[in-house]
Amino acid sequence: MKNTFENIDEYILLFPDIHGKLEELRKIIHAQNNEIEEYIGYQMPAFRYKSKPLVYFAGYRKHIGFYPGAEGIKHFENDFNIRKYKFSKGAVQFPVNEDLPLDLIQKIVLFRIKEIDQKKS
């Protein structure tokens, strides 16, 4: 059975155990630029900048999936390895039993913003 929701608030309510972490992640994403907009993409919280997909996240039992795209992952591979995060071509996993790496998330979002700005030029 698929959960359907219309906005990020409804999505976050599906995860009472990690509600605070998801809100914290949402807040740090928005703090990077006042032009960032929310939407639901691929049935998960999504953010766009200048009408382009920026990042997505999703809640799971043991981790929060963060999806900054292939270039976002590739650029920060060393950071993920140093911090021992599981990652793949398009996603990184932040364990729910650890604090979110807000400094790293901020860097990733700013990297993606810069990437979008450069493609628009």
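This is a predicted model: local features need pLDDT of at least 70, side-chain atom pairs count only at pLDDT 80 or more; totals for chains, interfaces and linings use all residues.
View 1. Residues are numbered from 1 along each chain as its sequence is written, and side-chain values use heavy atoms, with hydrogens and water left out. You'll find Phe 76 in the loop between helix H3 (69-75) and H4; helices (H or I, at least four residues) and strands (E, at least two) are DSSP runs, numbered from the N terminus. Who does Phe 76 touch, if we skip its neighbours within four places in sequence? Those contacts are Leu 104, Lys 107, Ile 108 and Phe 111 (contact means heavy atoms within 4.5 Å). Phe 111 sits 35 residues from Phe 76 along the chain, yet their C-alpha atoms are separated by 9.7 Å.

**View 2. The five-strand sheet.** Here is an open sheet of 5 strands, in the order E1-E2-E3-E4-E5, with antiparallel pairing (two strands pair if DSSP finds at least two bridges between them). E1 and E5 are the edge strands, each pairing on one side only. From one strand to the next, the twist averages 25 degrees; axes are lines fitted to C-alpha atoms, for helices over the stretch in contact, and angles run from 0 to 180 degrees between N-to-C directions.

View 3. Strand E1 (residues 36-41) pairs with strand E2 (residues 44-49) in the antiparallel sense, over 6 bridges. Glu 38 has Phe 47 as its bridge partner in E2, and Glu 37 stands opposite Arg 48. The hairpin leaves 2 residues between the strands. Tyr 42, in the loop between E1 and E2, has a phi near 55 degrees, a positive value in a residue other than glycine. Most residues other than glycine have a negative phi. Is Tyr 42 buried or exposed? At 70% relative accessibility, Tyr 42 counts as exposed.

**View 4. Lys 84, another positive phi.** Lys 84 is in the loop between helix H4 (77-82) and E5. Its phi is positive, about 60 degrees, although Lys 84 is not a glycine. Lys 84 is exposed too, with a relative accessible area of 74%.

**View 5. Helix H2 and its buried face.** The 12 residues of H2 should span 16 Å at 1.5 Å a residue, and the end C-alpha atoms are 17 Å apart, which agrees (the expected span is 1.5 Å times one less than the number of residues). Lys 21, Leu 22, Leu 25, Arg 26, Ile 28 and Ile 29 are buried in H2. Looking down the axis of H2, its buried residues fall within an arc of 165 degrees, so they line one face of the helix; the arc is that of the directions from the helix axis to the C-beta atoms.

**View 6. The largest nonpolar core.** Of the 38 residues in this core, Leu 25, Ile 29, Leu 54, Phe 57, Phe 66 and Val 109 touch the most other members (a nonpolar core is a set of buried Ala, Val, Leu, Ile, Met, Phe, Trp, Tyr and Cys residues joined through side-chain atoms within 4.5 Å). H5 gives the most to this core, with 7 residues. Beyond its neighbours within four places in sequence, Leu 54 is in contact with several residues, including Ile 36, Phe 47, Tyr 67, Val 109 and Ile 116.

Terms used:
Buried means under 20% relative accessible area, exposed over 50%, partly exposed in between (1.4 Å probe, protein chains only).
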